[in-house]
Structure formats: C-alpha cells, structure tokens
Amino acid sequence: MIRLALFLSWLGLACQAETLRIVNWNVALDRDGPGLLLAEIRKDGPEIAAILQDLVQRNADILLLVGFDNDYAGQSLAAFQARLAAAGLNYSSALALVGNAGMPSGLDLDGDGQLNGWGDNWGFGRYPGHDSTVLLSRYPLAVSRRWTKLRWADLPNARMPQRGNAPFPDAQTAAQLRLSSGGHWQVTTQTPAGDVNLLISYPTPPTFDGPEQRNRLRNNDEIAFWQHYLNGAPLADDAGNSSPPGDAPFIILGDLNADPDAGDGIKTAIRALLADPRLINPAALDQPTAFWAGLPPMRVDYILPSARFRIVDGGVAGAVEGARTAHRLVWLDVALD
C-alpha cells in the first residue's frame, strides 16, 4: 500500500510537471498579393519545404508563426496545417489571427492628403491579412480576448505622434488611431497542466518614419500594452470587456520588433517588460534572433513565460537553408510545477 501511494504521488507530480514546447518564428511567408502564399503552399516550393522540415524537427506543442499571410476563409493556414500533418506533425487546433494589417481605415492616417494608401490602413499591409500571424497547437485553442479596435489614446501614458506641437496628422484623426498595428490577442489553450493564456502581438517595426516618429512611438506603446494589461488597466477589448487578466499562468510571445539595446526603437517598453518580475526572461533566449543586412544582429522575437513556469530548456535555432527569413526560430520548453 505504501509503495502504491508513493507511485500514485509520483504519477501526480509527473502529470503536473508535463513539459510544453513553445516555438515562435517569423517565417516571412508574406507575399505581394492575396492568394500567392496559398498557391505556393499547394505547389510545394523549396522554401515551404525547408520551413516544414525544420518545424517537424522542432516538434512544438504550441507553434506561433509570424509573417504569415492570412485570408478570410483561412485557406492558407488550412493548407499549411495539412502539409504539416502530411510530414508527421499533427496539430488539432489552428487559429488565423487576423488583425489590423492591411485593413482600410477610410482616413488619411499618414497625413499625405490622400486616402486609401498603404499608410492609411489601420496597420501597414498591402491587403487585409497581409503579413499576419497564425497559431497551431496540439491542444484546444480559443481566442478569449482581442484588442484590435482599442484606440491608441486610451492607453495609459500614450505617447502619440505630433507634428510640431499638434497631434499628427490632426486632432480629429489622431483621436481615432488604433494602438495595434497587427493586433493584441489573448488565446487560451487547454494543456494537460491546465489552462494557459498566450498573450500574442506583432508590433510595427520602429522604422520607415517621418519626423513625427509614428512607428517608433507606436512600437513602444504596443509593447507597453502588456504591462498595462497585467497591471489591471481598464483596456476595453473588442467585445467591450475591460476586466483584468485574472491569475491563470500566461506566456507573452511574438515578434515584438524591438531589441533592448540595438536598433532605432525606443527602449523604454521592451526593457521594462524584460525586467518585469512577473515574467521570466529566459537566459537561453537572451541572444540575437534577427539578422538583417547592414544592421547589427538583434533580439526581437520573444517567448516570456510568467513566473509560475519553470524553464526546462530552450534556444535560438540557426539559419534554415532555403528560407528567406532574416529571423531565427525561438523555442522554449516549460513546465508548470
């Protein structure tokens, strides 16, 4: 009886400490027109094959792919999911996280005196769903909250662009600007260790700016959003819910387009996020993840678990031959004790 009790106790601890492998990768599968990525996935081109091979080797439980073109019917994601399954990597759940990228605003957001340009979309993109994000998992997924319509001005301590001493491009338009260039999402996944909230975002690069520094300021505030949310700030989601996040374990992940030391971005928000005691900044991931020509290597792709997790293993993968992305795959094994 004593041995049986010890065995059952050990079994319970083993179940509680089950390891989850998280992968985050900007695969740069964004194309110049809608439908092009879908055709490429179906055609089995060399770049798709190289990416699939690396993903199968990594064998993630939860897989975030950034820089992936979404479409309204989710055909590109479904085709990619099927290709993964054919290669031996089966995901029962998949979400196309479609946000503000390429979504027309009907406003002159870039102040050039014209409407319907790329700079007038709520988030930069050539068409709706361009350069977006997808999430795949072995476990059930559900978007529990999304913030794509949150006004930038409603973020506490928002640092909004100005031209001279006046709001950019004008006061009326500035009041309608959305914070998220892509989106901010809370996705709940039902893992064997219990529910985990994935806090996902893809902020704008802090470049391609005029003197108003619209992208630099927006990138910083998009990152700062997560600390405001964790602090309980009343940030209304798209359903009008402004409740705090609760106490479930969470993981912040995505291509945040910000290095704490290098590059043109404002460092305030990313440094504060990495230093937040509610999060773990894994030492294994404290290294460059993006290698652009003419720029220093930068760390811009993140997996930041809440302090309730234990880090088991992790790292930044090498370049994948045949893939054009400048980003490296980031992976982390975590356990809830």
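Modeller: Let us begin with a loop. Proline 169 lies in the loop between β7 (166-167) and α5 (171-174); helices (H or I, at least four residues) and strands (E, at least two) are DSSP runs, numbered from the N terminus. The model is predicted: local features need pLDDT of at least 70, side-chain atom pairs count only at pLDDT 80 or more, and totals for chains, interfaces and linings use all residues. Residues are numbered from 1 along each chain as its sequence is written, and side-chain values use heavy atoms, with hydrogens and water left out.

Colleague: What kind of peptide bond joins phenylalanine 168 and proline 169?

Modeller: That peptide bond is cis, with omega about -5°.

Colleague: Which value of phi does aspartate 44 have, and where is its place?

Modeller: Its phi is near 65°, a positive value in a residue other than glycine. Aspartate 44 is found in the loop between α2 (36-43) and α3 (46-58).

Colleague: How is the accessibility of aspartate 44 classed?

Modeller: Buried means under 20% relative accessible area, exposed over 50%, and partly exposed in between (1.4 Å probe, protein chains only). With 43%, aspartate 44 is partly exposed. Glutamine 213 also has a positive phi, near 55°, and counts as partly exposed at 31%. Its place is the loop between β9 (194-201) and α6 (214-230).

Colleague: In what order do the strands of the open sheet run?

Modeller: Two strands pair if DSSP finds at least two bridges between them. The five strands have the order β5-β8-β9-β10-β11, with mixed pairing. At the edges stand β5 (141-147) and β11 (301-305); each has a single partner strand, so one side of each is left without a neighbour in the sheet.

Colleague: In which sense do β9 and β10 pair?

Modeller: They pair in the parallel sense, over four bridges, β10 being residues 250-255. Leucine 199 has isoleucine 252 in β10 as its bridge partner.

Colleague: How many cavities of 30 Å³ or more does a search of the whole structure find?

Modeller: On a 1 Å grid over the protein atoms alone, a cavity is a set of points where a 1.4 Å probe fits but cannot get out; lining residues have an atom within 4 Å of a point. Grid points are joined across faces, edges and corners, and a volume is the space filled by probe spheres set on the points. The search finds two such cavities. The largest has a volume of about 50 Å³, and its lining includes Trp122, Trp152 and Arg178.

Notes. 1 Å grid on protein atoms, 1.4 Å probe; cavity = no way out; pocket = protein on both sides within 12 Å on 5 of 7 lines; lining within 4 Å.
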